[in-house]
Amino acid sequence: MDGSGSGQERTALVVEDDEDIRALIEFTLQTQGFDVTAVDSGLAGVEAVHSLDPDLITLDLGLPGIDGIETCRRIRETSDAYIVMITARDDEIDRLIGLETGADDFLSKPFSVRELKARVNALFRRPRRGPALSVVPTSSGEPEHEVLEHGPLRVDVDGRRAFRGEEELSLTRTEFDLLTELMRTPARVWTREALLRSVWGTDWATDTHLVEVHVGNLRRKLGESREGPKFVRTVRGVGYRMESL
């Protein structure tokens, strides 16, 4: 992947206190076509996000001062950048907490340059398949935006905005892409593996927990509750589909 595909260089922020690993990630992302800024603490990372508005952030879990979890939480208040959290601890609880605070993917140390490149490529590769449910025409009659609707939910795909009724939803990029894929084919039951391929662009079957956590995050943002409305149905033993309304 390089930054020339869209005619605009992508920007990346590396938040890592280990100098050697920070230099490795910085060099790797530069070879991927990113304009890279690197910092060594969580607070510096939060400040850099405000000034840089990066497309991608790699975030070490074990940072000094505020750790990666708290840094991720603060970043998510203002940024929808893709976040890859990097950890030296192979602890599932840490991974789940990181995902729940807004990380899109995880890498465990030690990791290879090849794996880092593959994960980053997967995040930025968003296949778009299936017919639009509706379009908003321009004054000339030509379609301008693909708009998906499901009950009170509305997704402006090209504008990358999602609404429940009149309320605009604050979704991360991955949550937005997940909702879009589900709404494009609302009657389809998506397996976790199929969603990994379509939304994350990966075939790593061991990463199905990514889907489960992000679906949980998406449901909360859609306002689902035990007593309230349901939009995403779990099909036991298979995967997910949009709830019939």
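Colleague: Which residues lie nearest the centre of the largest pocket?
Modeller: Ser170, Leu171, Thr172, Glu175 and Lys221, out of 22 lining residues. On a 1 Å grid over the protein atoms alone, a pocket is an open set of points where a 1.4 Å probe fits, with protein on both sides within 12 Å along at least five of seven lines, and lining residues have an atom within 4 Å of a point. This is a predicted model, where local features need pLDDT of at least 70 and side-chain atom pairs pLDDT 80 or more, while totals for chains, interfaces and linings use all residues. Residues are numbered from 1 along each chain, and side-chain values use heavy atoms, without hydrogens and water.
Colleague: And which elements give two or more residues to that lining?
Modeller: Strand E9 (161-164), helix H6 (173-184) and helix H8 (208-222). Helices (H or I, at least four residues) and strands (E, at least two) are DSSP runs, numbered from the N terminus.
Colleague: Switching to the open sheet, what is its strand order?
Modeller: E2-E1-E3-E4-E5, five strands with parallel pairing; a pair needs at least two DSSP bridges. E2 (34-39) and E5 (105-108) are the edge strands.
Colleague: How many bridges join E1 to E3?
Modeller: Four, between residues 10-15 and residues 56-60. Valine 14 is opposite threonine 58 there.
Colleague: Which of those strands does H2 touch?
Modeller: Helix H2 (residues 42-52) touches E1, E2 and E3, with contact meaning heavy atoms within 4.5 Å.
Colleague: Last one: which residues of H5 are buried?
Modeller: Leu116, Arg119, Val120, Ala122, Leu123 and Phe124, buried being under 20% relative accessible area with a 1.4 Å probe, protein chains only.

Key
Buried means under 20% relative accessible area, exposed over 50%, partly exposed in between (1.4 Å probe, protein chains only). Axes are lines fitted to C-alpha atoms, for helices over the stretch in contact, and angles run from 0 to 180 degrees between N-to-C directions.
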